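Open the model in your viewer and keep the selection tool at hand. This tour goes stop by stop, with something to pick at each one.

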Amino acid sequence: MERNDILLIHGTDYKEMAKKILERADVAAEIGDRNKSVALKPNLVAARTPASGATTHSELLAGAVEYLQEHGFGRITIMEGSWVGDYTLDAFRTAGYDKVCRKYNVPFVDLQKDSWKEYEAAGMKIKLCDQAMASDYMISMPVLKGHCQTIVTCALKNNKGIIPNVEKRRFHTMGLHKPIAHLNVVAPNDFILVDNICGDLDFEEGGNPVVMNRVLGFKDPVLCDAFMCDCMGYSVEEIPYITMAEELGVGSTDTAHANMIYLNQPEETAGKFRMSHRVERLAAYTAPEDACSACYGSLIYALDRLNDAGKLRGKLPKVCIGQGYKGRTGEIGVGRCTSCFAKSLKGCPPKAADMAEFLMENWR
Ligand code: SF4
């Protein structure tokens, strides 16, 4: 797999989707020696279920462990340290990781309790947990979601889980962006398996999940986070730590030249889940008919950007979306399925950033 590749798979069999992404990336060949130790680093920010939009789904962990075991790797560890104020082991049980560890006989390491050492990170000293740094290969498994301070969070910020609590506190006093960028100069980012199943609209602790039913694979954490901006309707410049990390040589924000590798097509799965009141308010501006989750979720993110810009006011025609509109005419729609509409945005699915721009210009 190349550093500018982006792997995408849609569906609801999350365990199999994780395995297929790792298979396509040929992670086993990249790790090489079967005696090497492999760490899986999910996002267990707090004791919240994955369905809330806060934490990595246990099915992805199960898929990653199965993939590695089937390829002969025996030294697999799941590791994470929750945010200051929550106990990692509470989050571990709430997210159902105890069952994964039991089923596959894989240990869990609470990094809040780990020892640490200080590292030089491009002019900044940063403390990192010893067990995370001792792993031969790290598969980072962030949730693509909103964040109350940094606006969004995915690969780069997921590494905050491998620093001790004392360092997490210091990061907050420094405003997060600069230390997160520097952290990623030394943090292991061997492979990034992104949980884009139902990350939260704007809060790392969950509560307003936006269903996308998608799993992504990256080699480059900066490209991952730049792509996340596209997915949530932000520009990369709005999230300072991403461009700072690029300037420090961690990776590239050039999503325009990324190589998109679709392992399958989006499925019609939207509308089969419960929405929070907040998401429901945004959904009131839409008219879905057999919409795919990735398309519909992107529209919700786009509407949230319009809401931020104060544009969700007055009487607006509903935005049509979904396979039910194929060959039909109408006023305004997003996605290839609405190509016969008077105003329609191409793409299958279009990115939230493009949807937001299209609606800003064309929605009256
Ligand atoms: S354009 Fe149509 S087929 Fe493509 S993702 Fe959107 S709803 Fe699905």
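**Stop 1: a charged network**

Select D202, R278, D304, R305 and D308: salt bridges link these residues in a network. Keep in mind that you are looking at a predicted model.

Now zoom in on D308 and R305. They form a salt bridge, with the closest N and O atoms 3.0 Å apart. Both residues belong to helix α13 and sit three residues apart, about one turn of the helix. Is D308 buried or exposed? D308 counts as exposed, because its relative accessibility is 53%. R305 is buried, with a relative accessible area of 7%.

**Stop 2**

The structure holds 20 salt bridges. Pick K19 and E70 next. Their side chains meet in a salt bridge, at 3.0 Å from N to O. K19 has 12% relative accessibility, so it counts as buried. E70 has 53%, so it counts as exposed.

Move on to R328 and E289. This salt bridge spans 2.9 Å from N to O. The pair links distant parts of the chain, 39 residues apart. Show the loop between β14 (319–321) and β15 (332–334) to find R328. Show the loop between β13 (286–288) and α13 (293–308) to find E289. R328 counts as partly exposed at 37% relative accessibility. E289 is partly exposed too, with a relative accessible area of 30%.

**Stop 2: the sheet**

Switch to cartoon view. Which strands make up the open sheet, and in what order? Eight strands form it, in the order β4-β3-β2-β7-β10-β11-β1-β12, and the pairing is mixed. Go to the edges: β4 (108–110) and β12 (259–262) each pair on one side only. Then look along the sheet. Neighbouring strands are turned by 20° against each other on average, direction ignored.

In general, strands of a sheet pair through backbone hydrogen bonds, either parallel or antiparallel.

**Stop 3: a helix across the strands**

**Stop 4: aromatic rings**

Show the aromatic side chains. How many aromatic pairs are there? The count comes to five. Take F218 and F227 as one of them: this pair is tilted, 6.1 Å centre to centre, with 50° between the planes. Both F218 and F227 are buried.

Finish with F92, Y97 and F108. Ring pairs link these three residues into a cluster. Residue 108 also falls within β4 (108–110), so you are back at an edge strand of the sheet.

Key: Residues numbered from 1 in each chain as written. Predicted model: local features only at pLDDT ≥ 70, side-chain atom pairs only at ≥ 80, totals over all residues. Heavy atoms only, no water. Salt bridge = Lys/Arg side-chain N within 4 Å of Asp/Glu carboxyl O. Buried < 20%, exposed > 50% of the residue type's maximum accessible area, 1.4 Å probe, protein only. Helix = DSSP H or I, 4+ residues; strand = E, 2+ residues; numbered from the N terminus. Pairing = 2+ DSSP bridges. Axes fitted to C-alpha atoms, helices over the stretch in contact; angles between N-to-C directions. Phe/Tyr/Trp six-rings, centres within 6.5 Å; stacked < 30°, edge-to-face > 60°.
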